[in-house]
Amino acid sequence: MREIYQFMHPYLKAHYTGQRLVTATVLGEFINFSKGDPDLLAKLVNAMLNCMVDQQVKIPALTGLSNIVSCTPEQVRSHFLISNINNA
């Protein structure tokens, strides 16, 4: 899957909106399947966060970031600052 990421990542900066949209959607779905590779997960999350500045791909990027729930709690905590609701 790492090879596919490396192939697709440059298309996030493509001139055509359709290319950026499809790439953000596919890479966002890869988050579901990157539990065993923390380095790839970090790259995918960073790619989705970088997509947030592009208005055309913001929604697919948010959808991709929501796939982080399929990862372990430790992986989620390593990428996002999440407060424990029970301690509030």
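Modeller: The side chains of Asp-37 and Arg-2 meet in a salt bridge, at 2.7 Å from N to O; the term means a side-chain nitrogen of Lys or Arg within 4 Å of a carboxyl oxygen of Asp or Glu. Asp-37 lies in the loop between α2 and α3 and Arg-2 in helix α1 (residues 2–8), so the pair ties together parts that are 35 residues apart in sequence. Helices here are DSSP runs (H or I, at least four residues), numbered from the N terminus. The structure holds four salt bridges.

This is a predicted model, in which local features need pLDDT of at least 70 and side-chain atom pairs count only at pLDDT 80 or more, while totals for chains, interfaces and linings use all residues. Residues are numbered from 1 along each chain as its sequence is written, and side-chain values use heavy atoms, with hydrogens and water left out.

Asn-32 is also in the loop between α2 (17–30) and α3. Leaving aside neighbours within four places in sequence, Asn-32 is in contact with Asn-67 and Ser-70, where contact means heavy atoms within 4.5 Å. The side chains of Asn-32 and Ser-70 make a polar contact at 3.1 Å (a pair of N or O atoms within 3.5 Å; within protein, one must be able to donate a hydrogen and the other to accept it, and residues adjacent in sequence count only if both atoms are side-chain atoms). From Asn-32 to Gly-64 the C-alpha atoms are 8.6 Å apart in space, and the two residues are 32 apart in sequence.

Gly-64 belongs to α4, where Gly-64, Lys-58, Ala-61 and Leu-65 meet Val-45, Met-48, Leu-49 and Cys-51 of α3.

Definitions and conventions: Helices (H or I, at least four residues) and strands (E, at least two) are DSSP runs, numbered from the N terminus.
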